[in-house]
Amino acid sequence: MQTTKTSPNDPLVTSLRPAQVFRARRQSNRQGTDQLQPDSVVDPFRVSTVFVVDDDPEMRESLELLLLAETFRVETYESADAFWDVFQPDWRGCLILDLRMPGMDGIGLLERISEHHHELSIIVVSASADHGEKVRVRELGAVDFLSKPYDTKKLLAMIREQLSQ
């Protein structure tokens with residue numbers, strides 16, 4: 001039996017390559033203003049995006065990697081202020097929002113977002129929240145609340161459900 005070698009540019013080989021996964025990450029430049037990395041692609045108007053707002057870099061990074069592995073389009077923000085500075089009510093997708101952060105907290109961001117007609121499903125996560133805070137975030141439009149550490153399978157199922165609506 002003869003074997004044939006294929007080149008990396010062979011049409012069959014290129015068609016079998018995995019689709020490129022895009023990610024957008026906001027990072028602060030030296031002046032402290034948010035800019036997109038040049039190699040990132042952001043188009044929140046065409047495809048639903050999962051926005052992650054969490055001040056804990058390890059939580060933010062691990063959630064970003066999990067979501068990218070599941071082929072979601074992801075945008076991360078290190079603070080509620082950073083998200084609010086660029087927020088557009090026309091964005092579609094799901095917002096994973098930490099409740100307790102320095103500066104504007106999650107409830108403050110929810111209050112501002114709720115003043116606009118928007119198309120985001122909001123899931124609030126927190127390591128510690130009392131009953132009053134849980135009730136308040138739902139009044140402000142959050143679809144659910146998860147306690148940290150959360151079950152990643154449950155979070156992924158919630159995100160898929162919200163993005164399918």
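**Exercise 1. Describe the surface and the overall make-up of the protein chain.**

Solution. The protein chain has an accessible surface of about 9,900 Å², and 49% of this belongs to carbon and sulfur atoms; such areas come from the Shrake-Rupley method with a 1.4 Å probe, and for residues only the protein chains shown count as cover. The model is predicted, so local features need pLDDT of at least 70 and side-chain atom pairs count only at pLDDT 80 or more, while totals for chains, interfaces and linings use all residues. Residues are numbered from 1 along each chain as its sequence is written, and side-chain values use heavy atoms, with hydrogens and water left out.

Next, take the secondary structure, which comes to six helices and seven strands; these are DSSP runs numbered from the N terminus, helices being H or I with at least four residues and strands E with at least two. Of the 165 residues in the protein chain, 39% are buried, that is, under 20% relative accessible area with a 1.4 Å probe and protein chains only, whereas exposed means over 50% and partly exposed lies in between.

**Exercise 2. Work out which residues of H2 are buried and how they are arranged.**

Solution. Begin with the buried residues of H2, which are Arg-60, Leu-63, Glu-64, Leu-67 and Leu-68. Seen down the axis of H2, these fall within an arc of 130°, so they line one face of the helix; the arc is that of the directions from the helix axis to the C-beta atoms. An α-helix has 3.6 residues a turn, so residues three or four places apart point the same way. Finally, turn to the other side of H2, where Glu-58 and Ala-69 are exposed.
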